[in-house]
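Colleague: Hey, I've just opened this one and I'm new to it. Can you walk me through a few spots?

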Amino acid sequence: MFPASAPLRLRVLRIEGRRSVEQIVDGYRIECWAVRDLLVEYFTERAPELDHVSLRSIARNVCRLFWRDLKIHHPGIDSLRLAPEVAQAWKERMAHIRDAEGLPVRPRVNFRSELVLVRAFYQDIARWATDDPARWAPWVAPCPIRRASARPRSPGPG
């Protein structure tokens, strides 16, 4: 931290240390405690295989761009089992970067890679449920993202 006499633009800079999985997930203000706990467990399980930046990036996607968005637009949701129209509406919202009012500003360049991370979340839980059903099976649900939706588009001819 810089002393109070340092210019404001320097004082706002700080080196943020590694945050715990709980701190990362709690930063997204997940209100449904069961889902919050699931996300903490999920990222705790994934953490050993990821560097901290990747962990935070995937958490941003799953916690904020996926779950928080669902809660904003479908307040009663408390399960990963999504009705087809809920999943479709979420994908349509994800396809664009939006302004503060929620209006589309421009297409999301990394749309498909964002879908891949949510698809991996669902697939990981389903796979882990075979080894530890008591922990993961209650959360197994059909993935709202089909394999073809998450594949990169092939470049056009020419």
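Colleague: Where is the place of Asp124?
Modeller: Asp124 sits in helix 6. Keep in mind that this is a predicted model.

Colleague: OK, and is Asp124 buried or exposed?
Modeller: Asp124 is buried, with a relative accessible area of 8%.

Colleague: What does the side chain of Asp124 make a polar contact with?
Modeller: That would be the side chain of Tyr42, at 2.7 Å. If you leave aside neighbours within four places in sequence, Asp124 is in contact with Tyr42 and Arg46.

Colleague: Switching to another Asp. Where is Asp51 found?
Modeller: Asp51 is in the loop between helix 3 (33–46) and helix 4. Asp51 is partly exposed, and its relative accessible area is 46%.

Colleague: Which backbone nitrogen lies 2.8 Å from a polar atom of the Asp51 side chain?
Modeller: The one of Ser54.

Colleague: Let's move to helix 5. Which of its residues are buried?
Modeller: In helix 5 (residues 84–94), the buried ones are Val86, Ala87, Trp90, Lys91, Arg93 and Met94. They span an arc of only 160° around the axis, so they end up on the same side of helix 5.

Colleague: Why would residues three or four places apart point the same way?
Modeller: An α-helix has 3.6 residues a turn, so residues with that spacing point the same way.

Colleague: And what do the buried residues of helix 5 pack against?
Modeller: Their partners are helix 4 (52–73), strand 1 (96–98) and helix 6 (111–131). On the face turned away from the buried side, helix 5 carries the exposed residues Pro84 and Glu85.

Colleague: What about the second largest pocket, what volume does it have?
Modeller: About 180 Å³. Its lining has seven nonpolar, one polar and two charged residues. Among the residues that line it are Pro84, Ala87 and Lys91, along with Cys143 and Arg146.

Colleague: Last one: is Trp33 buried or exposed?
Modeller: Trp33, which is in helix 3, is exposed, with a relative accessible area of 58%. The C-alpha atoms of Trp33 and Asp78 are separated by 9.2 Å, and the two residues are 45 residues apart along the chain.

Methods. Residues numbered from 1 in each chain as written. Predicted model: local features only at pLDDT ≥ 70, side-chain atom pairs only at ≥ 80, totals over all residues. Heavy atoms only, no water. Buried < 20%, exposed > 50% of the residue type's maximum accessible area, 1.4 Å probe, protein only. Helix = DSSP H or I, 4+ residues; strand = E, 2+ residues; numbered from the N terminus. Arc of directions from axis to C-beta. Contact = heavy atoms within 4.5 Å. Polar contact = N/O pair within 3.5 Å; in protein donor to acceptor, adjacent residues only side chain to side chain. 1 Å grid on protein atoms, 1.4 Å probe; cavity = no way out; pocket = protein on both sides within 12 Å on 5 of 7 lines; lining within 4 Å. Points joined across faces, edges and corners; volume = space filled by probe spheres on them. Nonpolar A, V, L, I, M, F, W, Y, C, P; charged D, E, K, R; others polar.
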